[in-house]
Amino acid sequence: MPASTNDTLFHELALTLLPGIGPQLTRQLMSYGGAAKNVLMMPPGKLRRIPGVGDATIKILTGPEREKAFRKAEADLKKAEKDGVEILFYTSKRFPSRLKLIPDAPAILYYQGTADLNAPKTVALVGTRQATDYGREQTERIIAGLLPHRPLVVSGLAYGIDIMAHRAALQEGLETVGVMATGLDIIYPAAHRKTAEKMREQGGLLTEFPFGTPPDRYNFPARNRIIAGLSDGTVVVEAAIKGGALITAELALSYDRDVLAVPGNLGSAASAGCNALIRDNKAALYAEPRDLEQLLNWDAALHQSGKFKPVSSYSATDFTVEEFAVITVLAAAPGREMQMDELAWKAQIAIYAVASLLLALEFRGVVRALPGKKFGLI
């Protein structure tokens, strides 16, 4: 093991690089070990007492695979420092708070960019790789309609609607993050390299996969869950009856995130998926910006009027993950006020926990209690 200047991150990274140790098992091990270093140094007898840990896992955690992971972690930390890549373990305050709320969140992220992954407002635009002129026009129209809110625009850097969304956001001066199904050192498709380079300076590139990971087809559905989990809502612009965009929409629904779809001609194969989402009441119809504003509780008039302190005045690093989740939900509410029960549901935090969080935030002068069990963001 190296004498690393960041011993904690070194062990966290090494833990995630072990084969067969996925995000859920990582969290299980961390809940018993308390720190990645403790987990990696734990003797077999103690490991065996952890639920879900058997002989195969113990062999991985204590055998030659552990030494390989240490060497890989050391090399990757050096590469990350050289390339300006930020490595975020799920316990980090800078790890996206929205992602922490989903049950299958990644354990680690590799990030290269300038955008705040905990931006007050985030929206995903996804769609088919075989986009039509109609899809391009609608994508550009949606991005233009988002301008009053200055959201972080999220997509998957793929052909079609994804890259159109990134390019439209860059053109309009919005930050945009591409979630990748490869390591950060492998831009896929390579044709989008120039756009990706611009995004590093006006947004960013994000992945859960370590350096050197190729575009394996199994990585793309995993990538889609990050797009859905990172966003307040997902807009499907064009989608065939089957495909990655519909997977992203279904994942967003499973996370209790809002989904909108742009309708298309009934005879258009490129819009068949969008029309089906609307028909089956899985997505709200997107026709104009107000449709998204109402669904996500984004109030453009208040946003521009300066009547309240923007959530960007609050930094995620100053709060716990749960506290900032409460702040984010209140910031998006009409009048920045909400009843405690609804707040607990939207933040995906137990009601008893929200009560204590609100009390702590009230003492800090961040929220105020209102009649009718309501709370408002100051």
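1. Helices in this note are DSSP runs of H or I with at least four residues, and strands are runs of E with at least two, both numbered from the N terminus. On that basis Gln 138 belongs to helix α8, which covers residues 133–146, and the protein chain as a whole holds 18 helices and twelve strands.

2. The model is a predicted one, in which local features need pLDDT of at least 70 and side-chain atom pairs count only at pLDDT 80 or more, while totals for chains, interfaces and linings use all residues. Residues are numbered from 1 along each chain as its sequence is written, and side-chain values use heavy atoms, with hydrogens and water left out.

3. On overall form, the radius of gyration of the protein chain (taken over C-alpha atoms, with a globule rule of 2.2 Å times the number of residues to the power 0.38) is 21 Å, which agrees with the value near 21 Å for a compact globule of 378 residues. Along the principal axes, the C-alpha atoms fill a box of roughly 60 × 55 × 40 Å.

4. Of the 378 residues, 52% count as buried, where buried means under 20% relative accessible area, exposed means over 50%, and partly exposed lies in between, with a 1.4 Å probe and protein chains only.

5. After α2 comes Gly 34, which has a positive phi near 85°.

6. Helix α12 (residues 244–254) contains Glu 250, which counts as partly exposed at 36% relative accessibility. Glu 250 and Ala 119 are 131 residues apart in sequence and 23 Å apart in space, C-alpha to C-alpha. In the loop between β7 (233–236) and α12 sits Gly 243, partly exposed with a relative accessible area of 37%. Gly 243 and Gly 273 are 30 residues apart in sequence, and their C-alpha atoms are 8.6 Å apart in space.

7. Some backbone values may be worth checking in the model. Asp 256, in the loop between α12 and β8 (258–261), has a positive phi near 60° although it is a residue other than glycine, and Asp 256 is partly exposed at 45% relative accessible area. Leu 157 also has a positive phi, near 65°, in a residue other than glycine; Leu 157 lies in the loop between β4 (152–155) and α9 (161–172) and is buried, with a relative accessible area of 0%. Finally, the peptide bond from Tyr 188 to Pro 189 is cis, with omega near -5°, and Pro 189 is in the loop between β5 (176–179) and α10 (193–201).
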